[in-house]
Amino acid sequence: MTQVLEVTNLHKAFGGIKAVNGVSFTVNEGEILGIIGPNGCGKSTLFNCILGQLEPTEGSVRLDGRDVTNLRPSELNRRGVSRTFQLLQVFPELSVRENLILAGQEHEGSMLSRFFGARDAGLSGKADQMISFFKLGHLIDEKAGGLSYGQQKLLDAAMAFMAGPRLVLLDEPAGGVNLTMLGDLKERLRAINAEQGATFVVIEHNMDFVMSLCSRVIVLAEGKVLAEGTPAEVRANPAVIEAYLGH
Amino acid sequence: MTAPATHESLPQRSRLSLPAFIDGSLLTLVAGAVILWFAPVGMGRYGTYVLSLWLVMSVAVMGLNLTLGYAGLKSLAQAAFMGLGAYATAILTTKYGVSWYAAFALSGLLTFAVGLVLGFPALRVKAHYLAFVTLAFSTLIWLIMRNEQWLTGGVFGIANINRPEFFGIKLFGALEFHRFVVVVTFILAVLLWWMIRSPWGRAFTALRENPIRAASLGVDTRTYTLLAFAIGSAYAGFAGALYAPLVEFIDPSPFSLSQSFFLLLMVVAGGSGYLLGPFIGALLGVVLPEWLRFAGSLYLIIFATIVMLLLIACPQGVSGLLERGWAKVSGKAGARS
């Protein structure tokens, strides 16, 4: 099976605190990998190190076999890696459609062609399709800032898929989302994974969401990998139960 | 990966009879240019000069509006860039006999290049820290303008700056030069309008609203930050290149730090991040004090009070106030229909 992402011995320290302490794992093509762990175990820091938002103290990140450690986030995105954030990160002053066009425009043409070319960079059709796919069609021209929290979460996720990424890292996509929208989100992610073979890494606290969506789960504790396996294996692991699930 | 096919119906987009790229802002710019072409008739030299000055300041404010209003980068060096443009034009035309058109282009290039360099600190520092970097730059440029007498004439400035000709038509008169300023301002405003409505404008807005998210979507925040600074500075340079022949004499005083604050006030009062905001802001900054001259020595107090009340009532400036008013009116109309 082809490895899309390979994280090797990644460390990140903030002064004396080791937020990520020698984490290694791989992500295979078409896989949905879940990363769980208690608050403060280093999940988001791990994401930020992989995605170039933080500089790792040690270790390497390889994408399709190429070293991408410390690559700038924009460069990494253009190489096919997309993400969502733990906190909402839409552009409130732009409309839903404009948010989606923005999410794809930098992958179209050159700087000059983006200046002289069409206002929508030829992405209106694709944005409309994506809006409908994420069931936001009726909000197409609304400002993103006017959407409900759950709708903004869906938009946030839709933006991550707009440029057709190879790998998507989702940081707590279910956080603060009501049950109906959570179902919608899970259904959409499954559909993209099944139909397009997209690869996901998902950080999430919602155990039902992770266990029902992911094919493999990694458990982090105190910056280290505590356990790894299928959802059933992780559920049954005594160390995991003690560190996380049992509480 | 492409978006999976869907059978859900989408709302139909409205169809206009005008070409799709024409919008209200462009029509307003065209209408404004036509009105301003004829506006000075019967106004006299001074009134015409004030109108031209308003447009020249609008160009400088347009640049700062791009840097601050759209890209969210706080700069206190706009007057310094205007000074660079004005001095470059004055020196090139009076000492080296360069045509105004070449000097105008060179002033824009010079301020673009200097703005690009000044943009680098913006990659590392944000908000008021960035403002202080630009403040230091502003002070440095002003000191050069004042102290390097061999180049700038020092406090005595540079006099006898000629106005250009346009295909053999002399623009020495106030009305002729005003119309020339109208044309140049219109071209620069349309260029900015095009940029703001292009994907660049969307990227600038993303830079202002959430640079981290923008970068995660592939927006090269480094390039766009530098461009916002450089293009905004070039507009100040163009304004300076128009200012020098308008006044026909320049010295360092109009390009001091306090003038940079005044330009900042014009951006905020006109409506930061609105295309037409700079014209309204410059109107408040240039023309309103003239209208208040009847109040004698009290005019500055009245002016300051008006600005304070305006910003308390509407932090988004006059453009924001107008937008709110329009939304209210159109909302009511919708309710009636």
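Q: This model is predicted. In which strand of chain A does Asn28(A) lie?

A: Asn28(A) belongs to strand β2 of chain A, which covers residues 17-28.

Q: Is Asn28(A) buried, partly exposed or exposed, and why?

A: The general idea is to count the C-beta atoms around a residue: 20 or more within 10 Å make it buried, and 12 or fewer make it exposed. Asn28(A) has 14 other C-beta atoms within 10 Å, so it is partly exposed.

Q: How far apart are Asn28(A) and Val4(A), in sequence and in space?

A: These two residues are separated by 24 residues in sequence, yet their C-alpha atoms are 5.4 Å apart in space.

Q: What is the order of strands in the open sheet of four strands, and which strands stand at its edges?

A: The order is β2-β1-β4-β5 in chain A, and the pairing is antiparallel. At the edges stand β2 and β5 (66-67) of chain A; each has a single partner strand, so one side of each is left without a neighbour in the sheet. Further in, β1(A) is joined by five bridges to strand β4 (residues 58-63) of chain A, and the two run antiparallel. Across this pair, Glu6(A) stands opposite Arg62(A) in β4(A).

Q: Why is strand β3 of chain A described as largely enclosed?

A: The burial of each residue in the strand is examined in turn. Strand β3 spans residues 32-36 of chain A, and five of its five residues are buried, so the rest of the structure largely encloses it. Both faces are covered: on one side Ile32(A), Gly34(A) and Ile36(A) are buried, and on the other Leu33(A) and Ile35(A) are buried.

Q: Which strands pair with β3(A), and in what sense?

A: One partner is strand β8 (residues 199-203) of chain A, which pairs with β3(A) in the parallel sense over four bridges. In that pairing, Gly34(A) stands opposite Val202(A). Another is strand β9 (residues 216-221) of chain A, joined to β3(A) by four bridges and also running parallel. There, Ile35(A) stands opposite Ile218(A).

Q: What does the check give for α7(B), and which elements cover its buried residues?

A: The 24 residues of α7(B) should span 34 Å, and the end C-alpha atoms are 34 Å apart, which agrees. Its buried residues include Phe177(B), Arg179(B), Leu188(B) and Ile196(B). Among the elements covering the buried residues are α1 (24-38), α2 (44-70) and α10 of chain B.

Q: How many residues of chain B are in contact with chain A, and which helix supplies the largest share?

A: An interface is read by listing the residues in contact on each side. Here 27 residues of chain B are in contact with 42 residues of chain A. On the chain B side, α7 (174-197), α8 (199-209) and α9 (211-216) each supply at least two residues. The largest share, six residues, comes from α8(B). By class, this side has 13 nonpolar, eight polar and six charged residues.

Q: How many residues has the largest nonpolar core, and which have the most contacts inside it?

A: In soluble globular proteins, nonpolar side chains tend to be buried together. The largest nonpolar core here has 170 residues, and Ala158(A) and Ala239(B) have the most contacts inside it. Helix α10 (residues 221-247) of chain B gives the largest share, 16 residues.

Q: Which regions does UniProt mark as "transmembrane region" in chain B?

A: The unreviewed UniProt entry places this feature at several stretches, including residues 98-120 and 223-246 of chain B. In the model, residues 223-246 of chain B are 100% helix, with end C-alpha atoms 34 Å apart.

Terms used. Residues numbered from 1 in each chain as written. Chains lettered and ligands numbered in written order. Predicted model: local features only at pLDDT ≥ 70, side-chain atom pairs only at ≥ 80, totals over all residues. UniProt positions renumbered as here; feature names shortened; annotations may be inferred. Pairing = 2+ DSSP bridges. Contact = placed C-beta atoms within 7 Å. Nonpolar A, V, L, I, M, F, W, Y, C, P; charged D, E, K, R; others polar. Core = buried A, V, L, I, M, F, W, Y, C linked by C-beta atoms within 7 Å. Expected span 1.5 Å × (residues − 1).
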